[in-house]
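Me: I would like to learn how to read a model like this one. Can we go feature by feature?

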Amino acid sequence: MSNPKFEHVELKLCNPTFDSPLVDVVNELEHLRRLRLGGSTPPDVFFQLKHIFHMLESLGSARIEGNHTTLADLVDATIQDGGTAGGGDQMKEITNIELAMRYVEQAMEPGAPLTETFIRELHEIAVRTLEREGDQTPGAYREGSVRIVMSAHLPPEAVAVPQYMKELTDFVNHASAPKYDLMKVALTHHRFGWIHPFSNGNGRVVRLLTYALLIKYGFNVKDGRVLNPTAVFCNNRERYYQMLGAADTGTTKGIENWCIYVLEGILLELQKVDRLTRYDYIEQKILVPALRLSRERQLITPDEHQVLLEVVRLKSAKSADLKKVMPKLTDNQRTYQIKKLVELNMLQAIYPGARQYAIRFTHNYLLRGVIQALTEEGFVPGFMEK
Ligand SMILES: Nc1ncnc2c1ncn2[C@@H]1O[C@H](COP(=O)(O)OP(=O)(O)OP(=O)(O)O)[C@@H](O)[C@H]1O
Ligand SMILES: [Mg+2]
């Protein structure tokens, strides 16, 4: 590993044999791609969970390269400042990735072409104003050579970067049979790392790019699903690097194994998150336990607990709907309970001015309980807690 050398490798699709596990995983993912998720989860609950998953995604991506923020730190910061304000450099790095994910969702559409401008914009958003993990020239390809720490591969000379990036976007945009789409997602992730077009931030950008390509190829992650591609890579950094390294050799086996690794990881994630489209699951396994926990920690009063439980059961509720669970309270007292919870940001009118309320759990103490419930249900990679 002491003296890595650059070696050109051709970028091309693989054509696995019929008995390859790559064929199996592609088929299973194709099935999920076609599946229309007609879930029972109300959109506002779905989007709040999605927000939390984006937090986890950004934290995971930042932590791969040594950001030491823990999930507990991030949750505290989100509760305190609504997740928007400054924080230190490490918190900023995470916020940048969240902003970049938002940009991906705005700018990428199913079937849209991938452009280099889009990729450079991802870089600009991900690294701007960072000290430790920033870049001298946000949004611009590197002008000098780079090395990848812990890797035997030497990326191409800076002068060759534009032509390799053009080749990569052409490869993505070139019309080919849809059965190759998923393979393209995996191959692009590796090729991008192999080119290493930026001086720093390549890992963060390539994980964002993977998210963008899943949208491009119709995985409906914008509104129907929550998918964290980073969960595939961040659980085990050694394995991520080892699989990338094997693909660097350009051998059929190395490349095929890389694709299997990426796509099996994505499949697992999709199977997990698709549970969240069922409201009964969310109610019983996430929200009710989260409220219980908040009550145990005395973050909410017994009355507030009752109100929130009933709102969760009904998906949204008016003051009169709460009579059953709070028979002793007068109309005014019930309205007062609701008003307090609105002030605490734990309830919100379902549209401005409505007297019907739904639960909010992303920017208040309930977030802690929700994160704990998600952890218990296996949605939070273990390493984030340390
Ligand atoms: N052998 C390899 N071949 C191709 N790509 C690689 C290889 N080893 C690492 N990479 C990619 O390079 C990234 C590291 O590059 P860089 O430091 O520029 O990115 P970063 O965002 O600052 O850090 P990190 O990706 O570690 O979070 C890895 O995350 C991975 O995506
Ligand atoms: Mg780096």
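Reply: Start with a definition. A salt bridge is a side-chain nitrogen of Lys or Arg within 4 Å of a carboxyl oxygen of Asp or Glu. The model here is predicted. In it, the side chains of R275 and E377 meet that rule, with N to O at 3.5 Å.

Me: How many salt bridges are counted between domain 1 and domain 2?

Reply: Two. A search of the whole structure gives 18.

Me: How do I read the interface between them?

Reply: Begin with contacts, then area. In domain 1, 30 residues are in contact with 26 residues of domain 2. The buried area is about 2600 Å², and carbon and sulfur atoms give 71% of it. Q48, I79 and R275 supply 23% of what domain 1 buries against domain 2, more than any other three residues.

Me: Which helices each supply at least two residues of the side of domain 1 that touches domain 2?

Reply: First, the polar side of the interface: eight residue pairs are in polar contact across it. As for helices, α2 (43–64), α3 (71–81) and α11 (252–273) each supply at least two residues of that side of domain 1. The largest share, 12 residues, comes from α2. By class, the side has 14 nonpolar, 11 polar and five charged residues.

Me: What is the general idea behind charged pairs within a helix?

Reply: Side chains of opposite charge can pair when their charged atoms come close. Now look at α13. R313 and E310 are three residues apart there, so about one helical turn separates them. Their side chains form a salt bridge, N to O at 3.0 Å.

Me: Which pair in α11 lies three residues apart?

Reply: K272 and E269, again about one turn of the helix. The closest N and O atoms of their salt bridge are 3.1 Å apart. E269 is buried, at 8% relative accessibility.

Me: Is D280 buried or partly exposed?

Reply: D280 is partly exposed, with a relative accessible area of 44%. Its salt-bridge partner is R278, at 3.4 Å from N to O. R278 is partly exposed too, at 42%.

Me: How should I read phi?

Reply: Most residues other than glycine have a negative phi. Look for exceptions. K315 has a phi near 75°, a positive value. This residue is in the loop between α13 (302–314) and α14 (331–343). K315 counts as partly exposed, at 35%. N345 also has a positive phi, near 70°. The loop between α14 and β1 (347–349) holds N345, which is partly exposed at 32%.

Methods. Residues numbered from 1 in each chain as written. Chains lettered and ligands numbered in written order. Predicted model: local features only at pLDDT ≥ 70, side-chain atom pairs only at ≥ 80, totals over all residues. Heavy atoms only, no water. Contact = heavy atoms within 4.5 Å. Buried area = accessible area lost by both parts, 1.4 Å probe. Polar contact = N/O pair within 3.5 Å; in protein donor to acceptor, adjacent residues only side chain to side chain. Helix = DSSP H or I, 4+ residues; strand = E, 2+ residues; numbered from the N terminus. Nonpolar A, V, L, I, M, F, W, Y, C, P; charged D, E, K, R; others polar. Buried < 20%, exposed > 50% of the residue type's maximum accessible area, 1.4 Å probe, protein only.
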